[in-house]
Amino acid sequence: NNLSYNMLSTKNYFLLNNGEVIMNYDEFVSALHNMDDFTFYYHVHEKVNDFSEWIEKNYDPKLASRIRDVKSKEELINLLG
């Protein structure tokens, strides 16, 4: 996926539960590769996918719907390319 986005206003940043701030889509993809399982599964579990909600709100609703049901970090990395 070749999506590239400018930085958003700070109100649209994603704050991970480990304190890391993700400012844009490219940073999200990069952070995902280095994210520990505890952090990933805090934001993605059977009742919620915070990442798809953030992408839907700030970037691309179609991409968000494609990743909404993803349940593993590896699957999400593969979907995002």
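This predicted model holds one salt bridge. The side chains involved are those of Glu56 and Arg68, with 3.0 Å from N to O. Glu56 belongs to helix 3, while Arg68 sits in the loop between helix 4 and helix 5, so the bridge ties together parts that are twelve residues apart in sequence. Are the two partners buried, exposed or partly exposed? The table gives the values.

| Residue | Relative accessible area | Class |
|---|---|---|
| Glu56 | 38% | partly exposed |
| Arg68 | 31% | partly exposed |

**Overall layout**

The protein has five helices and four strands. Their order along the sequence is β-β-α-α-β-β-α-α-α. Of its 81 residues, 40% count as buried. The exposed surface comes to about 5000 Å², and carbon and sulfur atoms supply 49% of that area.

**Confidence**

The mean pLDDT of the protein is 89, and 89% of the residues reach 70 or more. Confidence is highest in helix 2 (residues 37-43), at a mean of 97, and lowest in strand 1 (residues 14-15), at 94.

**The nonpolar core**

In soluble globular proteins, nonpolar side chains tend to be buried together. The largest nonpolar core here contains 22 residues. Which of them touch the most other members? They are Phe28, Leu32, Phe51, Ile55, Leu76 and Leu80. Two or more core residues come from each of helix 1 (25-34), helix 3 (50-58), helix 4 (61-67) and helix 5 (73-80). Helix 1 gives the most, with five residues.

**Helix 5**

Helix 5 has buried residues at Lys73, Leu76, Ile77 and Leu80. Why do they line one face of the helix? Seen down the axis of helix 5, these buried residues fall within an arc of 100 degrees, so they line one face. The buried residues of helix 5 pack against helix 1, helix 2, helix 3 and helix 4. Just after helix 5 comes Gly81, which takes a positive phi of about 75 degrees.

Technical notes. Residues numbered from 1 in each chain as written. Predicted model: local features only at pLDDT ≥ 70, side-chain atom pairs only at ≥ 80, totals over all residues. Heavy atoms only, no water. Buried < 20%, exposed > 50% of the residue type's maximum accessible area, 1.4 Å probe, protein only. Areas by Shrake-Rupley, 256 points an atom, 1.4 Å probe, with all protein chains shown as cover. pLDDT = per-residue confidence, 0-100. Core = buried A, V, L, I, M, F, W, Y, C linked by side-chain atoms within 4.5 Å. Salt bridge = Lys/Arg side-chain N within 4 Å of Asp/Glu carboxyl O. Arc of directions from axis to C-beta. Contact = heavy atoms within 4.5 Å.
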